[in-house]
Amino acid sequence: AYGLGRGGRLVWEVGGTGKDPLHDTFFLSAPLPLNNKLYVLCERQQELRLAAVDPNNGKTLSIQPLANLKNLRMQTD
């Protein structure tokens, strides 16, 4: 996330380190804001998920599995 009030500087990011719950995740869309949370559709290890992220600090609030994509690899399609 980039802060508009901070001259467009990077404020936080997700998925960068091994300790982040969204590490090694393929994001399928831009996050959608709803009820003071950001929701993003993503895929990790052939599982489609919906992740909720705090827009203030980038902390992962929840990850909801939606479907298993056993015969489909997002990185090669």
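# Strands, a hairpin and a salt bridge

Of the 77 residues of the protein, 25% count as buried. The model is predicted.

Visitor: How many helices and how many strands does the protein have?
Guide: Read along the sequence, the pattern is β-β-β-β-β-β-β. The secondary structure therefore comes to zero helices and seven strands.

Visitor: Which strand has the highest confidence, and which the lowest?
Guide: The mean pLDDT of the protein is 86. Of its residues, 90% reach 70 or more. Strand E4 (residues 32-34) is highest, at 95. The lowest is at a mean of 80, in strand E1 (residues 2-3).

Visitor: In what sense do E6 and E7 pair, and over how many bridges?
Guide: E6 covers residues 47-53, and E7 covers residues 60-68. The two strands form a hairpin with six residues between them. Their pairing is antiparallel, over seven bridges.

Visitor: Which residue in the turn has a positive phi?
Guide: The turn belongs to the hairpin of E6 and E7. The phi in question is about 80°. The residue is glycine 58.

Visitor: Which residue stands opposite threonine 60?
Guide: Threonine 60 lies in strand E7. E7 pairs with strand E6. Opposite threonine 60 stands valine 53.

Visitor: Does threonine 60 count as buried or exposed, and why?
Guide: Buried means under 20% relative accessible area. Threonine 60 has 19% relative accessibility, so the residue counts as buried.

Visitor: What is threonine 60 in contact with, leaving aside its neighbours within four places in sequence?
Guide: Set aside the neighbours within four places in sequence. The contacts of threonine 60 are then Asp20, Pro21, Leu22 and Ala52.

Visitor: Which side chains meet in a salt bridge?
Guide: The structure holds one salt bridge. Side chains of opposite charge can pair when their charged atoms come close. Here the N to O distance is 2.8 Å. The partners are glutamate 47 and arginine 49.

Visitor: How do glutamate 47 and arginine 49 count in accessibility?
Guide: The cut-off for buried is under 20%, with exposed over 50% and partly exposed in between. Glutamate 47 has 24% relative accessibility, so it counts as partly exposed. Arginine 49 has 14%, and therefore counts as buried.

Visitor: What part of the accessible surface belongs to carbon and sulfur atoms?
Guide: The accessible surface of the protein comes to about 5700 Å². Carbon and sulfur atoms hold 51%.

Technical notes: Residues numbered from 1 in each chain as written. Heavy atoms only, no water. Helix = DSSP H or I, 4+ residues; strand = E, 2+ residues; numbered from the N terminus. Buried < 20%, exposed > 50% of the residue type's maximum accessible area, 1.4 Å probe, protein only. Contact = heavy atoms within 4.5 Å. Salt bridge = Lys/Arg side-chain N within 4 Å of Asp/Glu carboxyl O. Areas by Shrake-Rupley, 256 points an atom, 1.4 Å probe, with all protein chains shown as cover. pLDDT = per-residue confidence, 0-100. Pairing = 2+ DSSP bridges.
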